[in-house]
Amino acid sequence: MSTPKTTKEPAPAQPASALASVNPATGDVIAVHSVQTPAEVNAAVERAREAAATWRDLGFDERKKYLLRWVTYLLDHAEQFSDLIHAENGKPRDDAYLELVLAVEHVAWAAKHAKKALAPKKVKPGVLMANFSAVVEQRPLGVVGVIGPWNYPVYTPMGSIAYALAAGNAVVFKPSEYTTTVGNYLADSFRLANPGLRDNIFTTVNGYGETGAALVKSGVDKIAFTGSTATGKRIMATAAESLTPVLLECGGKDAAIVAADADVKAAADAIAFGAMANSGQTCVGVERVYVEKAVADEFIREIRTIISGLTPGEGPDSSYGPMTMPAQIDIVRKHIADAIEHGGTAIVGGLDSVKERFIEPVVIVDADESSAAVQEETFGPTLTIRTVKSVSEAIRLANASKYGLASTVYSKEQGLEIARQLRAGATSINSVLGFAAIPALPFGGVGESGIGRIHGEPGLKEFTRPHAIASQRFALPGMALLSFKRSKMTTVIVKKAMKVLHGRYK
Ligand code: NAD
């Protein structure tokens, strides 16, 4: 495993063949990685393809053993790994630890449930084919290319990596250029946890967008991407050239609804966390709140008090860390300015909250629904709040978005009823982010938030292809449907049978 190094030197100018990983809180260089060329990416995929056959042939029980050993290895090294996540991504150490624990839960779940979820399934052959048996078998795809973001550099790609591995695929992972060291630690840890296992079952290729694009073109059997919607669209267009299937986990603009019957204090507490934790750099973070008039004053008072007390920083007691990707800082600034220009009032912070590396929390009420802060993904420690007349108005506004990733509902009596009307891949009722910590629940979005699902049984199936097998058990005299020996009598029998079976739905 490459040992991360920390220097106080400014990052040296890197040739295009190298990538310097930087601590976003300090600017210190953590490690330098070489960037893989398209030819090197292709070679990595070829090596993974050879390893994939071995891994597939091990079967579910053996793979489970290796994956669970990895789980224990990750827990045994959790302190060291959390330090690295903290250093490279910037989030507080305890948040890094929590991210790791949640990722580990997913590996364990995928390892333990793959056999049952992907077991061959007998299906009824139907009357016309009564002399057949029919079964659907789920086959691994081969090599899955995973492309990840930096905001949850372990948890997020693990939703694809663990499930693809458990289903019997090899994985080539291109971590974000902002969290390359974490991504490589992850792949190294799989190898170190399983010294008896052949190499190249789970490896990384490092670099910027070009390296990711090379992975898309490399002939992998599926691309599982997590990142921005804009990149997801580019990946889908590239993948279309070779009909490579894609799973896209993209951006969001998640809304929270606080109904008049909500526990307002609990709602304010949870929504403050959902909006501001990880500096708001959470795909399923709360970015907009719609609160019913009857409780709006109380909710706004509560959340303002909580959020005003948050302190970003790099110390152990900081509420959240720096912005991981410098380019995002300007987007956050623009959204705040746009919201204020479009009728919004900042009740916590404002434009001055945007500092060089850290952004202090910002809460804006009543910004126009058309403003960027309400429509576009901000991905910073900001929150907009709008008071609404009714739950149905809240639902309408929550759904008026091109995104549809996740959502939050606070209501004592109508939580499920409201959730069912939301256009989103997931909803957490009377909590935030609950769905993300339950491995059996599928995760993914609708609209511009993406295509496909990670986690749970659907997440395992994403990394398999169904193979339909029909076996003729015996020949049915006079019923040679699929033969030139078919007689006139066969058609007469089929016509009669169809009338009896389906001729009565009037
Ligand atoms: P990004 O789109 O900038 O980059 C994601 C990855 O794609 C990186 O590894 C990058 O190098 C790679 N990439 C860039 N251009 C590419 C190309 N042309 N071809 C192939 N790969 C390419 O996203 P980001 O800034 O790293 O992550 C933040 C975004 O991720 C936010 O929009 C957030 O909502 C989203 N996200 C979504 C989920 C989810 O599960 N839906 C989870 C986490 C983050």
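User: How many nonpolar, polar and charged residues does the shell around the ligand have?
Analyst: This is a predicted model, in which local features need pLDDT of at least 70 and side-chain atom pairs count only at pLDDT 80 or more, while totals for chains, interfaces and linings use all residues. Residues are numbered from 1 along each chain as its sequence is written, and side-chain values use heavy atoms, with hydrogens and water left out. Ala, Val, Leu, Ile, Met, Phe, Trp, Tyr, Cys and Pro count as nonpolar, Asp, Glu, Lys and Arg as charged, and the others, Gly among them, as polar. By class, the shell around the ligand has 14 nonpolar, 11 polar and four charged residues.

User: Which residues come nearest to the ligand?
Analyst: A residue counts as near if one of its heavy atoms lies within 4 Å of the molecule. There are 29 residues around the ligand, and those that come nearest are Lys174, Glu177, Ser228, Thr231 and Glu377.

User: How far from an oxygen atom of the ligand does a polar side-chain atom of Glu377 lie?
Analyst: A polar contact is a pair of N or O atoms within 3.5 Å; within protein, one must be able to donate a hydrogen and the other to accept it, and residues adjacent in sequence count only if both atoms are side-chain atoms. Trp150 has a polar side-chain atom 2.8 Å from a ligand oxygen, and for Thr231 the distance to a ligand oxygen is 2.7 Å. For Glu377 the distance is 2.5 Å.

User: What percentage of the ligand's accessible area does the protein cover?
Analyst: On its own, the ligand has 850 Å² of accessible area (Shrake-Rupley method, 1.4 Å probe).

User: Which element supplies the largest share of the shell around the ligand?
Analyst: Helices (H or I, at least four residues) and strands (E, at least two) are DSSP runs, numbered from the N terminus. At least two shell residues come from each of α6 (209-217), β8 (222-226) and α7 (229-240). The largest share, three residues, comes from α6.

User: Where does the ligand sit?
Analyst: On a 1 Å grid over the protein atoms alone, a pocket is an open set of points with protein on both sides within 12 Å along at least five of seven lines, and lining residues have an atom within 4 Å of a point. A molecule sits in a pocket if more than half of its atoms lie within 2 Å of its grid points. By this rule the ligand sits in the largest pocket.

User: Which element gives the most residues to the lining of the largest pocket?
Analyst: Of its 35 lining residues, Trp150, Phe225, Gly227, Ser228 and Thr231 are the closest to its centre. Two or more lining residues come from each of α6, β8, α7 and α10 (326-341). With six residues, the element that gives the most is α7.

User: How many charged residues are in the lining of the second largest pocket?
Analyst: The second largest pocket has a volume of about 480 Å³. Among its 26 lining residues, Leu102, Tyr152, Thr282, Leu433 and Ala436 lie nearest the centre, and α3 (93-117) provides the largest share, four residues. The lining divides into 16 nonpolar and six polar residues, and the charged ones number four.

User: How much space lies in the largest cavity?
Analyst: A cavity is a set of grid points where a 1.4 Å probe fits but cannot get out. There are three cavities of 30 Å³ or more. The largest is lined by 15 residues, with Arg288, Ala398, Ala406, Arg423 and Ala424 nearest its centre. The space in this cavity is about 110 Å³.

User: What is the phi of Asn430?
Analyst: Most residues other than glycine have a negative phi. Asn430, in the loop between β17 (426-429) and β18 (446-447), is not a glycine, yet its phi is positive. The value is about 55 degrees.

Notes: Points joined across faces, edges and corners; volume = space filled by probe spheres on them.
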